[in-house]
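Please read it alongside the sequence and the coordinates shown here.

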Amino acid sequence: MTQRIIGPFSRVEGNLELRLQIKEDRVAEARVSSQMYRGFEQMLEGKKPIDALVITPRICGICSVSQSVAAARALADLTGAKPPPNGVLAANLVHACENLADLFTHFYLFFMPDFANPAYRNEAWYGRVAERFRAVSGSAAGDALSARAELLHLMGLLAGKWPHTLAIQPGGSTRSIDASERLRLLTVLRRFRAFLEKTTFGTSLESIVELSQQDQWHQLSEPETSDCGRFFALSRNLKLDQLGRGGNAFMSFGGHAFEGESLFAAGLYTDRWQPLEADAIAEDVSHSWMQASPPRHPREGATKPTGMDDNGYSWCKAPRLNGRVIEVGALARQSVNGNPLALDLLRSGGANVQSRILMRLWEMARLLLAMENWAELLVPGEPFFEAGLASPQDGEGVGMVEAARGSLGHWMRVRNGLIDRYQIIAPTTWNFSPRDADGQPGALEQALSNAPVRKQDDENPVAVQHIVRSFDPCMACTVH
């Protein structure tokens with residue numbers, strides 16, 4: 001048995017370290033460590049509740065809108081604020097734009113560059129793949145960054161700026177648009193649709209969202225005509241459907257609701273859909289660098305850092321649902337949503353590197369179609385914002401949303417007009433949690449078990465990198 005320490009990881013937001021026990025070229029045991037502490041939950045204590053809209057988006061520059069939406073939902077829950085229809089549509093558009101940009105950025109700039117890793121230099125496909133996907137200098141990087149910049153013009157129109165917009169409020173959106181700006185909005189979406197259909201998928205978005213079996217997608221995407229087809233060819237060659245097998249419990253908080261209907265359902269999926277028991281969430285700190293405490297619901301929990309003592313190995317807590325390890329993200333979201341393609345992927349190979357990436361790609365198509373619909377439904381001239389936010393002296397509020405990486409929750413308690421307690425569980429906290437008091441490894445720790453680590457890889461175990469990046473970690477959000 002040998003030990004290998006990998007970190008800090010490249011192309012990951014924040015500091016991540018892996019400690020791998022290697023036996024016969026396989027990972028026998030993995031420990032995932034978040035190596036940075038920030039303290040946003042403590043900064044919020046003693047502040048006015050409305051200050052959460054300014055402070056929590058600073059947790060992350062990648063998914064700041066998701067933090068804004070969660071904080072606004074918690075405040076709306078606390079105050080009873082109800083945004084008008086235009087406010088709901090505008091918030092949906094801004095949030096979906098960020099999620100879509102996250103999924104798109106992950107595919108082109110974080111995940112695919114690993115196929116240009118020198119560990120693959122002897123593969124027949126290496127030259128043309130490296131030319132396309134090499135980090136920074138590959139042709140895909142320039143194409144993707146230009147398309148992403150075009151998409152983010154939506155943020156200028158509806159959010160004023162990105163990241164860290166203040167447009168999203170409990171009462172709706174402070175940025176209304178007129179008829180000409182709505183037309184510009186639709187033009188932005190149609191230009192991004194053109195890129196996805198020509199370059200990413202090689203087919204229409206409608207064809208992608210109608211898929212119900214992975215074999216249909218294989219037949220639809222040619223490796224020489226689309227980046228999705230190139231991913232399929234690489235996945236088949238490297239057997240990514242057998243790499244990074246996860247557990248069988250998936251959760252989603254649901255999201256993007258409008259007039260009583262949600263684009264994505266909330267719930268738990270194991271071998272069938274079950275309703276979400278939000279009161280069954282508890283955070284375990286037995287292997288975290290936190291003050292000892294029994295597992296507690298975030299409504300009652302606290303964040304009290306200690307130091308890097310012998311019992312812990314991460315600044316990340318270990319959230320569990322009814323004591324179970326949970327995986328979150330696009331595959332989990334679509335499994336809970338009853339998506340036939342996601343369920344087909346789970347039946348054939350479970351959660352693995354390929355199925356996680358495919359559902360991220362599928363969600364790009366679904367989100368853009370939904371955004372086009374929401375933009376059409378906006379009514380210029382009608383209100384986007386309901387003013388008059390109350391300032392309760394006491395109470396509690398919860399904001400539960402889906403960021404691109406998975407389920408994000410904010411729990412706020414107010415006493416005497418000030419925040420008395422604020423607890424946050426981010427998507428990567430679920431996926432990258434350390435062990436709990438029962439010794440259960442977190443979702444990534446389970447997925448890394450038995451991963452191949454070839455001797456010739458030395459300090460460059462590329463299979464391990466594929467598994468880690470299939471979760472698209474954000475360590476800055478994790479340790480907030």
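## Surroundings of N248

Leaving aside its neighbours within four places in sequence, N248 is in contact (heavy atoms within 4.5 Å) with Y269, T270 and R324. N248 is found in the loop between α11 and β6, where helices (H or I, at least four residues) and strands (E, at least two) are DSSP runs, numbered from the N terminus. The C-alpha atoms of N248 and E300, which are 52 residues apart along the chain, are separated by 28 Å.

## Basis of the description

This is a predicted model, in which local features need pLDDT of at least 70 and side-chain atom pairs count only at pLDDT 80 or more, whereas totals for chains, interfaces and linings use all residues. Residues are numbered from 1 along each chain as its sequence is written, and side-chain values use heavy atoms, with hydrogens and water left out.

## Helix α14 and its partners

Two packed helices are described by the angle between their axes and the distance between the axes. The axes here are lines fitted to C-alpha atoms, for helices over the stretch in contact, and the angles run from 0 to 180 degrees between N-to-C directions. The axes of helix α13 (residues 340–349) and helix α14 (residues 353–377) come within 10 Å and cross at roughly 175 degrees. That angle makes α13 roughly antiparallel to α14, given that angles under 35 degrees count as roughly parallel, over 145 as roughly antiparallel, 65 to 115 as roughly perpendicular and the rest as oblique. From α13, L341, A342 and L345 meet Q354, S355, L358, M359 and W362 in α14. The residues of the contact of α13 with α14 divide into six nonpolar, two polar and no charged, where Ala, Val, Leu, Ile, Met, Phe, Trp, Tyr, Cys and Pro count as nonpolar, Asp, Glu, Lys and Arg as charged, and the others, Gly among them, as polar.

Helix α11 (residues 227–238) also packs with α14, their axes coming within 11 Å and crossing at roughly 170 degrees. The helices α11 and α14 are therefore roughly antiparallel to each other. On the α11 side the contact is made by C228, F231, F232 and S235, and on the α14 side by Q354, I357, L358 and L361. By class, the contact of α11 with α14 has six nonpolar, two polar and no charged residues.

## Helices α4 and α8

Helix α4 (residues 85–111) and helix α8 (residues 179–201) pack at an angle of about 25 degrees, with their axes 14 Å apart. The two helices α4 and α8 are therefore roughly parallel to each other. Across their contact, L93, L100, F104 and Y108 in α4 meet L185, F192, F195, L196, T199 and T200 in α8. Sorted by class, the contact of α4 with α8 has eight nonpolar, two polar and no charged residues.

The structure holds 15 aromatic pairs, a pair being rings of Phe, Tyr and Trp (its six-membered ring) whose centres lie within 6.5 Å, with planes under 30 degrees apart counted as stacked, over 60 as edge-to-face and the rest as tilted. The rings of Y108 and F195 have their centres 6.3 Å apart and their planes at 65 degrees, so the pair is edge-to-face. Y108 lies in helix α4 and F195 in helix α8, so the pair ties together parts that are 87 residues apart in sequence.

## The β13-β14-β15 sheet

Strands of a sheet pair through backbone hydrogen bonds, either parallel or antiparallel. Two strands are taken to pair if DSSP finds at least two bridges between them. Three strands form an open sheet in the order β13-β14-β15, and the pairing is antiparallel. At the edges stand β13 (395–403) and β15 (418–425), each with a single partner strand, so one side of each is left without a neighbour in the sheet. Neighbouring strands of this sheet are turned by 15 degrees against each other on average, direction ignored.

Nine bridges join β13 to strand β14 (residues 406–415), and these two strands run antiparallel. The bridge partner of E396 is R413 in β14. Helix α3 (residues 64–79) packs on the sheet and touches β13, β14 and β15, its direction making about 150 degrees with that of β13.

## Other strand pairings

Another open sheet of three strands has the order β6-β9-β10, with antiparallel pairing. Here β6 (250–252) and β10 (273–274) stand at the edges, each with a single partner strand, so one side of each is left without a neighbour in the sheet. Two bridges join strand β9 (residues 267–269) to β10, and L268 stands opposite Q274 in β10.

Eight bridges join strand β2 (residues 16–23) to strand β3 (residues 26–34), which run antiparallel, and R19 stands opposite R31 in β3. The strands β2 and β3 form a hairpin with two residues between them, and E24 in the turn has a positive phi of about 50 degrees.
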